Structures are given as structure tokens and as C-alpha cells.
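Subject: Structure handover

Hello,

Please find the structure below, followed by notes on what was found in it.

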Amino acid sequence: MKKLILGALGVTLLLSSCVSQKKFAEMEAKAKEAQDLLNSATVKLNTCLEEKATATSRMQTLEDQNTFLKANNQELINNMGNLTTLTTKGAENLEKSLESLQEKDLTIRKLNDAITRRDSVNLSLVQSLKGVLGNLDDEDIEISVEKGVVFVSISDKLLFSSGSYNITSRAKTVLGKVAQVVNNKPDFEFMVEGHTDDVPYGRKGNILDNWDLSVKRATAVVRILQNDYNVDPKRMTAAGRAEYVPVSTTEKSKNRRTRIVVLPKIDQFYSMIEEGMKDPAINN
């Protein structure tokens, strides 16, 4: 009986030992599986952390780029605004410049028209003078137009005796014909200039020098035009130029002359300009 009990106890212990080893093996297998899972999860976690760090870095870079692009975009917008302002001002300045050029062009056209009218009047004056003086020797009288001014140059041998300011009878006939033309042209003023050569004039009587002789000859002509031919003295000026405005360096006789300078009255010339400005043909 005793042997039987001991045998049963041994079998029980043996069975108990076998069960514990089996559970241990199962637990060990589960522990290994859990460790493997843990290791795998750790690897995945590290990978995720790395990816997160990369993503965070990329996101920061993108944010920085976005901030830069926003700032750059705002600068472009500001520049566009400035360009628009500059373009508007440029257009306004261009428009003003065009208006100014048009005004200048209009003024030039009006002045040209006035000058053309003046030249037409001068041409008429020259034709009238040549008409009344055409039978005279060209060496004694010369009629010309320079820079819009009509000049009648009369040699001293026709007007005066040598060294004198007394007008000859033939000269009075010439001056009468000139007076006939200028009296028909009330819109003109004129100046009578006396000219001499450069030979010094020795004092004779009440004549001091070439200056004095040239002035006395000019005033003598003015007096004849006023007293004998009723030319308005308000339209005349007498001037002496002595030998200082020569026309020839080789023929001194050409420098001894009296020159009548005929020109439109200044206010009359301005009236011609004003008339030109009112002309529809110019203003269109």
C-alpha cells in the first residue's frame, strides 16, 4: 500500500513538472513574439520620428519660402503701383509736351504768316520805289531788301557836292519820288543814315569831322522830305554813321552814300501777327 502511494505521488510530481515546462515554453514563445513585436514597433517608431523630423524641416522650409513669396509678391504689387503712377505721370507729361509742341507749331505758323505778309508788303514797296526811280542810273541808286527791311542807298555824288551837306537840285527830284512812295505807305517808318569814307575830314566851317558831316547830310535829307514833300516827321529818324559801316574796302566812293532804311512800324508789325492769329486758314 505504501509503495502504491509513493508511486502515485511520483507520477503526480512527474506530471506536474511536465505541465510547468509546457507553460513555460508557451510563455517564452509569447515573450519572444512580444519582443519581436516591440522591436518591430521600435523600428517603425524611429522611422516615423525621422520622417516627422524631415517633414517638419520641409514644412519650415516651405513656410519660409511662403513668407518670402508673400513679401516678394507685395513688393511686386507696390512696384506695379509705382509703375502705374509713373506711367500715368509720363502720359500726362507727354500730353503736356504734345500740347506745348502744338502751341509752338501754331505760333511759328502764325509768325511765318505775319512775316510772309510783311515780305509781301516790302515787295510791294520795292516795286513802287523801282517804278518811280527806275529811270535812274543803278550806280547812283540801289534798292535792296535784307532781313525784312527795305534799303534805298543813294550815292553822295547824286545828293551832295563834295564835302558839303547842301542838297543838289537833281537830288531833290529823287527825294520827291521817294517821298511820293513813302507818303502812300503810312504804315512804314524810316531812318535816313549818312555815311562817309574813311578819309579824315579836315575842319571846314561848321563841319568838325566825318561824324558831323554824316549827321548833317542825314538831317538835310530829312528836312527836305518834311518841308518840301510833307513827309510826317514822326515817321523819320536822322542818323550819322560816319565811316564805320563801309560796304566796300576797295572802292571808297561806294561808302560815301546816304541810306534810307524803310521798315514797318513795330506796332503795325504786331498787328500783322495778331491778324495772322485770327486767320481761319492758320487756326485750322
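**Overall layout**

The protein chain contains seven helices and five strands; helices are DSSP runs of H or I with at least four residues, strands are runs of E with at least two, and both are numbered from the N terminus. This is a predicted model, in which local features need pLDDT of at least 70 and side-chain atom pairs count only at pLDDT 80 or more, while totals for chains, interfaces and linings use all residues. Residues are numbered from 1 along each chain as its sequence is written, and side-chain values use heavy atoms, with hydrogens and water left out.

In sequence order the elements run α-β-β-α-α-β-α-β-α-β-α-α. Of the 284 residues in the protein chain, 27% are buried. Buried here means under 20% relative accessible area, exposed means over 50%, and partly exposed lies in between, using a 1.4 Å probe and protein chains only. The protein chain exposes about 19,500 Å², with carbon and sulfur atoms supplying 57% of that area; the areas come from the Shrake-Rupley method with a 1.4 Å probe, and for residues only the protein chains shown count as cover.

Taking contacts (heavy atoms within 4.5 Å) between residues at least 6 apart in sequence, 71% join residues at least 24 apart.

Helix α3 covers residues 169-183, which is 15 residues, and should span 21 Å at 1.5 Å a residue. The expected span is 1.5 Å times one less than the number of residues. The end C-alpha atoms of α3 are 21 Å apart, in agreement with that value. The buried residues of α3 include Ala171, Val174, Leu175 and Gly176, and Val178, Ala179, Val181 and Val182 are buried as well.

Helix α4 covers residues 210-229, and its axis comes within 10 Å of the axis of α3, crossing at roughly 70°. The axes are lines fitted to C-alpha atoms, for helices over the stretch in contact, with angles from 0 to 180 degrees between N-to-C directions. The two helices, α3 and α4, are therefore roughly perpendicular, a term used for angles of 65 to 115 degrees. Their crossing is right-handed, meaning that the near helix is turned clockwise from the far one by less than a right angle. On the α3 side the residues in contact are Lys172, Thr173, Leu175, Gly176, Ala179 and Asn183; on the α4 side they are Val221, Ile224, Leu225, Asp228 and Tyr229.

**Leu159 and Asn166**

Leu159 lies in helix α2, residues 156-159, and is buried at a relative accessible area of 0%. Leaving aside residues up to four places away in sequence, Leu159 touches Ile154, Asn166, Ile167, Thr168, Ala171, Leu175 and Thr258. Leu159 and Ala171 are 12 residues apart along the chain, and their C-alpha atoms are separated by 4.7 Å.

Asn166 is in the loop between α2 and α3 and is exposed, at 52% relative accessibility. Asn166 and Lys216 are 50 residues apart in sequence, and 9.1 Å apart in space from C-alpha to C-alpha.

**Positive phi values**

Asn230 is not a glycine, yet has a positive phi of about 60°. Asn230 sits in the loop between α4 and β4 (236-242) and is exposed, with a relative accessible area of 65%. Ala242, also not a glycine, has a positive phi near 55°. Ala242 belongs to strand β4 and is buried, at 1% relative accessibility.

Regards

Terms used:
Parallel < 35°, antiparallel > 145°, perpendicular 65-115°, else oblique.
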